Amino acid sequence: MMVAKRYAKAMFELALEQGRLDEIAADLTKVRDSIAENAPWREWLANPQVSAQDKQSAVHQLYGEKVSSEVLHLLLILLKNRRALLIHQVVNSYMEMLDEHKGVVHAQVSSAFPLTEAEEEHLAASLKEMTGKTVVLHKEIDPELIGGVLVRIGDRLYDGSVRGYLQRMEKQLVTA
């Protein structure tokens, strides 16, 4: 994973220097998604029996007119160094750096029932106050929570669910 971060950091620093962070992010996402959505293409890129030159030629033909020269150059370097399988990780690392640069964090929010728009806004505002960063909510429904919400930001977990409350209460009763 560290190798992918080095490639991502180099791309991020170049994009920052050029003032093109979002443009590069869009191109990287386009490439990552096209590879992820097309299994035969992904398998061909990962095939060690296909020469790096053949892969580079195919990538140049496919993406040459669709992405910036910087992104194309990154892809060609990854292929030359036989690191085609890192493309997904490089893009994800770049996106993490971009979010960090912009002061954005992603929160995984689980709730027993769908949140209303007002509840989402209130939750996002509360999390912004706690973290000091803009919060993007990624929501999912988990009926086992009974009520309330469970929020994960990075490696931090905020349990405001009824299930969590009941579990904490049970521990207190058992240890008392």
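## Questions on a predicted chain

The model is predicted. The protein chain has eight helices and four strands.

Reader: In what order do the elements of the protein chain run from the N terminus on?
Author: Helices and strands are both present, eight of the former and four of the latter. From the N terminus on, the order is α-α-α-α-α-α-β-α-β-β-β-α.

Reader: What radius of gyration does the protein chain have, against that of a compact globule of 176 residues?
Author: The C-alpha trace spans about 70 × 35 × 30 Å along its principal axes. A compact globule of 176 residues would come out near 16 Å. The radius of gyration of the protein chain is 21 Å.

Reader: How far apart in space are Gln53 and His122?
Author: Gln53 sits in helix α4, residues 52-63. In sequence, Gln53 and His122 are 69 residues apart. From C-alpha to C-alpha, their distance in space is 53 Å.

Reader: Is Gln53 buried or exposed?
Author: Exposed means over 50% relative accessible area. Gln53 has 55%. Therefore Gln53 counts as exposed.

Reader: What share of the 176 residues counts as buried?
Author: The cut-off for buried is under 20% relative accessible area. Of the 176 residues of the protein chain, the buried share is 37%.

Reader: Which residues make the nonpolar surface patch, and what is its area?
Author: Ile146, Val162, Tyr165, Leu166, Met169 and Leu173 make the patch. One of them, Met169, is in helix α8, residues 162-175. Met169 is partly exposed, because its relative accessibility is 32%. The patch covers about 560 Å².

Reader: Where does Ile146 lie, and what is its phi?
Author: Ile146 is also one of the patch residues. Its place is the loop between β2 (134-141) and β3 (148-153). At 47% relative accessibility, Ile146 is partly exposed. Its phi is positive, in a residue other than glycine, and near 70°.

Reader: What is the phi of Arg82?
Author: Arg82 lies in the loop between α5 (69-80) and α6 (87-102). Arg82 is exposed, because its relative accessible area is 59%. Arg82 is not glycine, yet its phi is positive, near 55°.

Reader: What share of the contacts with a separation of 6 or more comes from residues 24 or more positions apart?
Author: The count covers contacts in the protein chain with a separation of 6 or more. Residues 24 or more positions apart account for 64%.

Key
Residues are numbered from 1 along each chain as its sequence is written. This is a predicted model: local features need pLDDT of at least 70, side-chain atom pairs count only at pLDDT 80 or more; totals for chains, interfaces and linings use all residues. Side-chain values use heavy atoms; hydrogens and water are left out. Patches are made of residues with over 30% relative accessible area and no salt bridge: like charges are joined within 9 Å, nonpolar side chains (Val, Leu, Ile, Met, Phe, Trp, Tyr) within 5 Å. Accessible areas come from the Shrake-Rupley method with a 1.4 Å probe; for residues, only the protein chains shown count as cover. A salt bridge is a side-chain nitrogen of Lys or Arg within 4 Å of a carboxyl oxygen of Asp or Glu. Helices (H or I, at least four residues) and strands (E, at least two) are DSSP runs, numbered from the N terminus. Buried means under 20% relative accessible area, exposed over 50%, partly exposed in between (1.4 Å probe, protein chains only). The radius of gyration is taken over C-alpha atoms; the globule rule is 2.2 Å times the number of residues to the power 0.38. Contact means heavy atoms within 4.5 Å.
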